[in-house]
Amino acid sequence: MATASDARDKNWFIDKFFQSLMFVCGISAIVFVVGIFLFVFKEGLGFIVNDMNVAEFFFSPKWRPTSLHHPTYGILAMVAGTAAVTILAMAICLPFSIGAAIFIAEFATGKTREILKILIEFLAAIPSVVWGFIALSIMNPFIITAFDVPMGLGVLNSALILALMAAPIVTSIAEDAFKAVPDTYREAAEALGATRWQTIRKVVLPAAKNGLLSAGLLGVGRGFGETMAILMASGHSINIPTSVFDSFRALTATIAAELGETAVGSPHYQSLFAIGIFLFFITFLINMTADFIVRGVKKG
Amino acid sequence: MNTSDAAQPLAINTRELNLWYGTFQALFDINLKIKQGIITSLIGPSGCGKSTFLRSVDRINERLGYVRIKGAIEVLDQNIYEPHVELAQLRKQVGMVFQRPNPLPISIRDNILFGHRIHNDKTSSKSEEDAIVEDALRQVLLWDQVKDRLNQKASVGLSLEEMQKLCIARLLPVKPSILLMDEPCSALDPKGTAAVEELIWELRGRYSILIVTHNMAQARRASEECIFMLMGKVVEHSRTEELFVTPTHKETADYIEGRYG
């Protein structure tokens, strides 16, 4: 029965068109993630199946992919370097970022708060190669004179730079965590006679701890994934660092520095993709954990 | 200094109290003498300033940052707006119960001990703390319901009525002399309301209680004196039965007969 009410006019088609367009945009994120993963996996697969010795890959510090007689592919030194920098960077970054977040969320008001938030976002907008500049031209001579060491590129330099780079994201996630603590808790604690600091320490921090944990984890993810600044700040020599002044090489920096010089499809080329897969799993794991923790907060 | 009858010492005494939120004036020339040891209820339509007044007695209003005050509030003969007054000390004397029960996200036991631990520098032994917890929970008639789950989170498994009783109980260990209650039953069902009202009546005498309520029946049955506020001003303050039976102002009569509000 055809009545005027089921006539499909122009608006009906426009509506349908935009619905489908939005749907495509919405699922494109999933498509890209899966696509990237498949590509990286496909490129690295040959190495994993044919050339990789699992024990050597994970437990040998010798990365000599270009050796003519006996190439070895050990990422232990790079994992150790990346992990050391990430841990040190977080040790520097977390107290500062959480302190900043406490100030912004709990103490600052009005203009101060807005200006601080803008400045912190501005910090996040600095390109990583600029951070690399700072590492090379400011931090490097500074570390050499301040600690009287022959070279200022290495774990300490990279960790300082990484701490600064991770600070904005950690601060803003930590601030969100404090914002998510209901104001009634603060009111209750203050009405019982708690000072601002007692309220923060005994009520707000415990209530926000899951959010803070996930802020830290995202910072760690940032540390594992950062490439350019670390490439410039690390000294880039393959070495298991034993002091904060030692040079090291990051997993990501290895890919960035070597990929352009390998023959496509060669074991060296494929081994770099295997490192990529490894990094992919690590950051995926970290982000998933952070996500689950945040969800846990909302339920509890 | 006020020289009214010495038999009825005052819990709260305000003189020419004016309060502004930014540029909006919420309270006008409040002069109230609230007696010790009795329950005084504060009634009036929404926005009449009754909660504002209540919240300025323990200065919790100041959290907002844009509140300005002129005049004086004396709590137990001490003007609480003098510069040397410490908020922590004031709030030890004046406890506050909020509209929605707001237990802290810690265990029932830690909720009760929160104020006690803040106001005592040296830590008490476990047996002392146990005694404090039991005493506070018995005073609010909650001990038997929760004694087996004191270490459970206070926000889980308690009814709203039990939470509100817990919020009253956690004020008691620091031995306040005044309890302020901002519509303490408005989030509760009738059964919970009855139970909490009974508890408030039970606490009468030991504490001076000032209770804001929307519910006129509640004011009538659960308070000894009653204050009627309108548009930021006090219209009438008298014994509860007098205020409800023979109000002296037309506005009061109109309000209690439900003609507005």
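L42(B) is found in strand 4 of chain B, where helices (H or I, at least four residues) and strands (E, at least two) are DSSP runs numbered from the N terminus. The model is a predicted one, in which local features need pLDDT of at least 70 and side-chain atom pairs count only at pLDDT 80 or more, while totals for chains, interfaces and linings use all residues. Residues are numbered from 1 along each chain as its sequence is written, and chains are lettered from A and ligands numbered from 1 in the order in which they are written.

L42(B) has 29 other C-beta atoms within 10 Å and is therefore buried; a residue is called buried if 20 or more other C-beta atoms lie within 10 Å of its own, exposed if 12 or fewer, and partly exposed in between, with C-beta atoms placed from the backbone. When its neighbours within four places in sequence are left aside, the residues in contact with L42(B) are K50(B), F53(B), L54(B), L210(B), I211(B), V212(B), I227(B) and M229(B), contact being defined by C-beta atoms, placed from the backbone, that lie within 7 Å. Between L42(B) and V234(B) there are 9.7 Å in space, C-alpha to C-alpha, although the two residues are 192 apart in sequence.

Strand 4 (residues 39-43) of chain B pairs with strand 10 (residues 225-230) of chain B in the parallel sense, over 4 bridges, and two strands are said to pair if DSSP finds at least two bridges between them. Within this pairing, F228(B) in strand 10 of chain B is the bridge partner of I43(B). Both strands belong to an open sheet of 6 strands in chain B, which has the order 7-8-9-4-10-11 and a mixed pairing. Strand 7 and strand 11 (233-239) of chain B each have a single partner strand and stand at the edges, so one side of each is left without a neighbour in the sheet. From one strand to the next, the twist averages 15°.

L17(B) stands opposite I30(B) of strand 2 of chain B, and the hairpin has 2 residues between its strands, with G22(B) taking a positive phi near 60°. Most residues other than glycine have a negative phi.

Helix 3 (residues 108-119) and helix 4 (residues 126-139) of chain B pack at an angle of about 105°, with their axes 10 Å apart; axes are lines fitted to C-alpha atoms, for helices over the stretch in contact, and angles run from 0 to 180 degrees between N-to-C directions. Helix 3 of chain B is therefore roughly perpendicular to helix 4 of chain B, a term that covers angles of 65 to 115 degrees, whereas those under 35 count as roughly parallel, those over 145 as roughly antiparallel and the rest as oblique. In this packing R109(B), I112(B), L113(B) and H116(B) of helix 3 meet E129(B), I132(B), V133(B), A136(B) and L137(B) of helix 4.

Chain A contains 11 helices and 2 strands. Of its 300 residues, 37% count as buried, and along its principal axes the C-alpha trace of chain A spans about 75 × 70 × 35 Å.

Between the two chains, 15 residues of chain A are in contact with 19 residues of chain B. The elements that give two or more residues to the side of chain A that touches chain B are helix 7 (183-191) and helix 8 (196-225) of chain A, and the largest share, 7 residues, comes from helix 7 of chain A. The buried residues of helix 7 of chain A are R186(A), A188(A), A189(A), E190(A) and A191(A), and these pack against helix 8 of chain A together with helix 2 (87-93) and strand 7 (94-97) of chain B. Just after helix 7 of chain A, G193(A) takes a positive phi of about 100°.
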